[in-house]
Amino acid sequence: MSTSTKRVGNATVLRALNDGAALEALFRHGPMTSAGLQEILGLSKPATATLVARLEAAGLVERSGHRDGRPGPRAVVWTLRGASGYAAGVDVTVGQVSVVVADLADRVLGRSARAVAWTADEHAADEHAPGASPPGVHLDVVRAVVDEACAQAGISRADLLQVVVGFPGSVDPATGRLAYAPHLAVWNDQDVEAQLTETLGVRVAVENDVNLVALAELAREDLADVRDLFVLWVDQGVGAATLLDRRIRRGRHGGAGEIDHVPVPDPARRGRAPEGRSTVADLVRLDAVARLAQVYRLTPFDVAPLDTLRIDPSVDGRASDVARSPQVREAAARALETAALDPSGDAGDFLDDLARRLAVVLSMAVGVLDPDAVVLGGEVAAAGGEALRDRVATALRTEHGAPTSVILSTAQGDGVVEGALAAALGETRRRVFGAGSVPAS
């Protein structure tokens, strides 16, 4: 390589680094003048003016007004041009597909959602079996919802620089296949990332849903100084996420947070199985909450025992289908909410037992990871609220010697899709800011 070629290469790299630093500054600090950028970047006034001019020519920044207050001409205020990149977050769950589209400046431009029943297994050996859907229908549904959100945002799907899709399961990095998602039969054991990339025609990354919730939690002001975080999400199923130094830890096979079937002792004072040993899901999932509430004869189980509630039949008889029965879910949430409003007598004892169970689950992670904080999320935490959170923190401290900060999740409802969008925008900014005004080769 000639000396002149090396100089050109070094100049290009330096230009991209300075461009990226300027774009990052505008994203972090908001609109500012060239003088403001000059101070942050440590460049000379002519160099900063040249940098801003080429970013404007590349369509990465734009003028957003003028600033007065100093002698001479009014200074131009520069802002990051949101239209220089778009990204989408997608949440594929048991009964719904949700999509959010935003621009590079973090402005949400479009949302769409569709109720879906993933009932037919398109991958069955006999594609003509009764109830089977044509291959690819589930992929078509996701594409349609993404297109709806893009249309609302005034862009086309091809404008998306990154899409991140959250699933209630984990992707094995060695095979690319989704695992731990038997309740999504049409998706489970498939290379979902490759299939969705081909279907959408854009870059796609697939992530575990609770990992994405954890990413969404990092945006909270009260977690700004937290480096290591453990998130426990409990509703129809149980999932966990570990962030060390604010980065997701997935494990060798991608299943680091799949703790449903980990065996744990049951510390509840009432309602324990005869052998006194269960799995995590057996103890804290919504149907487990319902059974515990029935033992304490709490509303609505004082008049409608669990076995009288309608449970949707399943083809293979999975026990997890009980947790996904709308009637059981609603009854469990109602029992929790009622107990939390008046945690006295049996209601308080019920919350104490559930808190002990959650503390046993959390103690495993706290003992190994020693995180800065633990976040409780999902329908169980939302329904139990502060009354449950306080009891969990107390049980962790007094029964397990773990005085860890326990906080409630704020990422309810749209937490997965918001986390997916945050991850997609993060990757989009990394690529756009990293290249700066240097044309793609």
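Start by selecting helix 4, residues 137–153: it lies across strand 4, strand 5, strand 6 and strand 7 (160–167). Against strand 6 it runs at about 150 degrees. Angles run from 0 to 180 degrees between N-to-C directions, with axes as lines fitted to C-alpha atoms, for helices over the stretch in contact. "Lies across" rests on contact, meaning heavy atoms within 4.5 Å.

You're looking at a predicted model, where local features need pLDDT of at least 70, side-chain atom pairs count only at pLDDT 80 or more, and totals for chains, interfaces and linings use all residues. Residue numbers start from 1 along each chain as its sequence is written, and side-chain values use heavy atoms, with hydrogens and water left out.

Five of them form an open sheet in the order 6-5-4-7-10, with mixed pairing. Two strands pair if DSSP finds at least two bridges between them. The edges are strand 6 (108–115) and strand 10 (204–208), each pairing on one side only. On average, neighbouring strands in this sheet are turned by 15 degrees against each other, direction ignored.

Next, pick strand 4 (residues 86–92) and strand 5 (residues 96–103): they run antiparallel and are joined by seven bridges. Click on Val 92 and you'll find Val 97 of strand 5 standing opposite.

Move over to strand 7 and strand 10, which pair in the parallel sense over five bridges. Here Val 164 stands opposite Ala 205 in strand 10.

Then jump to the loop between helix 8 (286–295) and helix 9 (320–323), where Pro 300 sits. The peptide bond from Thr 299 to Pro 300 is cis, with omega near 5 degrees. Arg 297 is in that loop too, and has a positive phi of about 55 degrees although it isn't a glycine. Arg 297 is exposed, at a relative accessible area of 55%.

For another positive phi, select Asp 370, at about 50 degrees and also not a glycine. Asp 370 lies in the loop between helix 11 (345–369) and strand 16 (373–377), and is exposed, with a relative accessible area of 57%.

Which residues make the contact? Show Ala 335, Leu 336, Ala 339 and Ala 340 of helix 10, plus Ala 347, Phe 350, Leu 351 and Leu 354 of helix 11.

Last stop: colour by pLDDT, the predictor's confidence in each residue, from 0 to 100. The protein chain's mean is 86, and 87% of its residues reach 70 or more. Over residues 4–8 pLDDT is below 50, and this stretch has one contact in the model beyond near neighbours in sequence. Residues 312–319 also stay under 50, with nine contacts beyond four places in sequence.

Key. Helices (H or I, at least four residues) and strands (E, at least two) are DSSP runs, numbered from the N terminus. Buried means under 20% relative accessible area, exposed over 50%, partly exposed in between (1.4 Å probe, protein chains only).
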